[in-house]
Amino acid sequence: MLQFFRRLTALFSAGALLLTLSACGNKKDDAAAQLAMTVNGHAVDAGTYAAVYLYGEKNLESMMYQYGVTDLWESEIGASYKAKLGEIAYKQTAALYLLPEQFEAAGLTLEEERAEDREDINPELSELGFTDELTDQFFRYFEMLDQLEDYYFGENGVMSPGEEEIEQYFQEHYLRAKHILISNQDESGQAVTDETALAVLEQKVQEIYQRAIAGEDFDSLIEEFGEDPGMQSNPDGYQFTDGVMVPEFENATKALGMNEISAPVKTDFGWHIILRLPLRAEDRPTVYGEIVTALTGMDMNSLLDQWVGEAEIKTEPVVDEITFETVENYKYNIK
């Protein structure tokens, strides 16, 4: 959950979320000003911890909204998410203070902040109790995180495997394919069970397959018969790795030679006529991070977890007092 801070605009609804911090809004009340924790000697007040807590809360709401959960905290799963908020706030608050130390240790220099980034990551931070100082710290965190991720896991990164190992993994573990899907579901989304109807579908699948292996343009057959809407947004085919597709689809693709077409493959989705395609060098950068993680067992998230685990962190009793029900009492009132 530590990468909770990374590019979270997409998790917020697309409304106009404006940053409305004012220079005169930093009055500290007693609850917000009290010491909440120390992170390698850095004092963190309760208002800062509460702001991070509320930021996590709002982002979970927005994330779950994308999955159709419109009232997370009143839903059945809300209780389990409430239980996670304290852990998220603890780790993310610590990361805000630990990242600059690691950034300096790596000998990196902070690039000039990109103004568009502030616009992209644009929740109503003032409503969550973010002071001007915390807001600046927040955006510097993003800049440092991007550079550290490239430093450790980018091309020629400190923790990245060599080019030869990356390419070998790409060739051995990634596939690219197009397919013509003939669905076995009716208009209501239920699997067709009527034997006569199934026989008609199977005959249709065989006819399409014969046309494909006879040399008809595969893209034209997809356009005419294919029932996978994902093919429209992936006209060059799907690039995927182990375990992403259903096993029948993955295994059938692996069994094909390059530019070879499979006989119809049955899955729970229907019948697939698969065309295996060669991997493309220009597609490898899109999965570079995945490959590094697969080979090293590490990514920026796990590295952050490691730093938090190794840090000297001391929490005060007030941290336990800041909960879903009470957090508003500890935030700064920004006006």
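Before the views, a word on terms: helices (H or I, at least four residues) and strands (E, at least two) are DSSP runs, numbered from the N terminus. The model shown is predicted, so to speak a computed one: local features need pLDDT of at least 70 and side-chain atom pairs count only at pLDDT 80 or more, while totals for chains, interfaces and linings use all residues. Residues are numbered from 1 along each chain as its sequence is written, and side-chain values use heavy atoms, with hydrogens and water left out.

View 1. Helix H7 (residues 195–213) lies across E3 and E6 and runs at about 15 degrees to E6. Axes here are lines fitted to C-alpha atoms, for helices over the stretch in contact (heavy atoms within 4.5 Å); angles run from 0 to 180 degrees between N-to-C directions. Helix H8 (residues 218–225) packs on the sheet too, touching E3 and E6, and its direction makes about 40 degrees with that of E3.

**View 2. The open sheet, strand by strand.** Four strands line up in the order E4-E3-E6-E5, with antiparallel pairing; a pair needs at least two DSSP bridges. Strand E4 (238–241) and strand E5 (265–267) stand at the edges with a single partner strand each, so one side of each has no neighbour in the sheet. From one strand to the next, the twist averages 50 degrees.

**View 3. E3 against E6.** Strand E3 (residues 174–183) and strand E6 (residues 270–277) pair in the antiparallel sense over eight bridges. Look for arginine 176, which stands opposite leucine 277 in E6.

**View 4. The largest nonpolar core, around Leu99.** This core (buried Ala, Val, Leu, Ile, Met, Phe, Trp, Tyr and Cys joined through side-chain atoms within 4.5 Å; buried is under 20% relative accessible area, 1.4 Å probe, protein chains only) has 64 residues, and Leu99 and Met300 have the most contacts inside it. Helix H3 (78–105) is one of the contributing elements, and H3 gives the largest share, 11 residues. Leucine 99 touches Tyr141, Met144, Leu145, Leu148, Met300, Leu304 and Trp307, leaving aside residues up to four places away in sequence. A second, separate core of 26 residues includes Ala177, Ile180, Tyr209 and Val265.

View 5. The whole structure holds 15 aromatic pairs, counting Phe, Tyr and Trp (six-membered ring) with centres within 6.5 Å; planes under 30 degrees apart are stacked, over 60 edge-to-face, the rest tilted. Phenylalanine 170 and tyrosine 174 have ring centres 5.6 Å apart and planes at 40 degrees, so this pair is tilted. Both residues, phenylalanine 170 and tyrosine 174, are buried.

Notes:
Buried means under 20% relative accessible area, exposed over 50%, partly exposed in between (1.4 Å probe, protein chains only).
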